Amino acid sequence: MAATAASGLQMATARPCISSSHRVVKAGAAILGASSKGASWTKLASSSHISSIQPFQRTFMSSSVKLNKAVTKAMSESSDSKPVSGLPIDLRGKRAFIAGVADDNGYGWAIAKSLAASGAEILVGTWVPALNIFETSLRRGKFDESRVLPDGSLMDITKVYPLDAVFDNPEDVPEDVKTNKRYAGSSKWTVQEVAESVKQDFGSIDILVHSLANGPEVSKPLLETSRKGYLAAISASSYSYVSLLKHFLPIMNRGGSSISLTYIASERIIPGYGGGMSSAKAALESDTRVLAFEAGRKNRIRVNTISAGPLRSRAAKAIGFIDTMIEYSLANAPLQKELSADEVGNAAAFLASPLASAVTGTVMYVDNGLNTMGVGVDSPIFKDLDIPKDNQQG
């Protein structure tokens with residue numbers, strides 16, 4: 001079972017792969033900070049980080065949600081070179097590889113946009129079976145609106161690589177996958193091969209982003225999860241990050257940054273987020289701390305993970321209750337507003353920047369503060385309490 005682009009509650013049930021396009025992808029325009037395609041980055045949201053086994057069989061139409069957007073305040077490569085007041089996030093001259101981008105509706109895409117807005121060069125890895133759809137959509141301009149950066153320029157994806165992060169090297173790929181027609185026409189898509197290809201093409205990178213997850217039995221309670229399903233979730237959602245960093249570390253420039261995406265189910269009970277996915281996220285967070293030590297000592301690479309709140313996306317809808325989770329967050333989080341994917345992207349840009357030069361081994365919560373709550377204040381039990389509410393939600 002392969003890892004797929006993480007979205008929403010952070011989990012997916014499809015093999016993740018990376019597009020094998022060597023073209024520089026350029027498309028039309030769309031303005032960041034409007035609603036839906038143009039004013040809302042909600043479509044970028046990789047919701048609860050979970051996607052269905054057929055996430056790419058769905059159309060690329062996403063529901064329109066009106067949100068107040070946190071505009072990415074970063075410097076883009078095309079922006080004026082004049083000195084900027086304050087502490088701008090400047091990633092000009094940096095190169096980022098984002099594993100797990102298969103459409104313009106997930107956290108991976110949102111992170112790519114924020115990094116691009118800050119001046120970084122963007123390389124992406126796309127799940128092999130989703131490669132053709134992704135590249136075709138890019139060529140036909142379906143993502144044009146989503147590519148507009150704060151300064152009006154368009155995000156360029158320098159190169160798209162096919163990737164299936166469940167397999168470390170060609171020897172790990174079973175015969176049924178090698179002969180699968182969904183993989184036909186693609187080559188060099190295991191983690192080791194992709195790292196070697198990036199080295200050959202560009203020499204090095206500065207930022208590595210892991211936006212992958214896969215849980216074939218996510219809808220099953222843990223007690224009903226099979227060993228195969230449990231291990232598949234761990235392999236695709238946790239070990240895939242270890243493998244990516246292991247193979248990319250040799251080509252990461254000293255002082256670089258590596259980021260992954262996790263979910264609060266790693267430490268709290270979230271009924272419905274099953275199949276071993278909660279265990280996979282817990283493992284991912286534990287590995288983040290260990291990898292921070294090892295990669296930090298080896299090459300001063302910072303390793304952090306972002307725990308994002310529930311976000312409406314195609315992938316997140318696979319768990320079946322994403323709307324309920326969003327409503328719960330709106331009712332109970334300290335900040336009563338709907339989370340947008342660009343807010344997660346902005347947090348990633350900060351972690352990748354020199355502004356976070358002393359931050360490593362951390363779990364950064366980007367969930368409107370929901371992780372801090374000990375009770376659900378919308379419970380009837382608290383109906384007689386004078387609980388403050390935000391009268392201007394949005």
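Colleague: Okay, how do β4 and β7 pair?

Modeller: Strand β4, residues 95–99, and strand β7, residues 205–210, pair in the parallel sense over four bridges. Keep in mind that this is a predicted model.

Colleague: And what stands opposite L208 in β7?

Modeller: That's F97.

Colleague: What's the strand order in the open sheet?

Modeller: There are seven strands, in the order β6-β5-β4-β7-β9-β10-β11, with parallel pairing. β6 (157–163) and β11 (363–366) each have a single partner strand, so one side of each has no neighbour in the sheet. From one strand to the next, the twist averages 20°.

Colleague: Which strands does helix α3 touch?

Modeller: α3, residues 131–139, packs on the sheet and touches β5 (121–127) and β6. The direction of α3 makes about 165° with that of β6.

Colleague: Switching to α6, which strands does α6 lie across?

Modeller: Helix α6, residues 227–248, lies across β4, β7, β9 (252–262) and β10 (302–308). It runs at about 170° to β7.

Colleague: At what angle do α6 and α7 pack?

Modeller: About 20°, with their axes 9 Å apart; α7 covers residues 277–299. Angles under 35 degrees count as roughly parallel, and α6 and α7 are therefore roughly parallel to each other. The crossing is right-handed.

Colleague: Which residues meet there?

Modeller: On the α6 side they include Y230, I234 and L245, and on the α7 side M277, L284 and L291 are among them. The residues of this contact divide into 12 nonpolar, four polar and two charged.

How values were computed. Residues are numbered from 1 along each chain as its sequence is written. This is a predicted model: local features need pLDDT of at least 70, side-chain atom pairs count only at pLDDT 80 or more; totals for chains, interfaces and linings use all residues. Side-chain values use heavy atoms; hydrogens and water are left out. Two strands pair if DSSP finds at least two bridges between them. Helices (H or I, at least four residues) and strands (E, at least two) are DSSP runs, numbered from the N terminus. Axes are lines fitted to C-alpha atoms, for helices over the stretch in contact, and angles run from 0 to 180 degrees between N-to-C directions. Contact means heavy atoms within 4.5 Å. Angles under 35 degrees count as roughly parallel, over 145 as roughly antiparallel, 65 to 115 as roughly perpendicular and the rest as oblique. A crossing is left-handed if the near helix is turned anticlockwise from the far one by less than a right angle, and right-handed if clockwise. Ala, Val, Leu, Ile, Met, Phe, Trp, Tyr, Cys and Pro count as nonpolar, Asp, Glu, Lys and Arg as charged, and the others, Gly among them, as polar.
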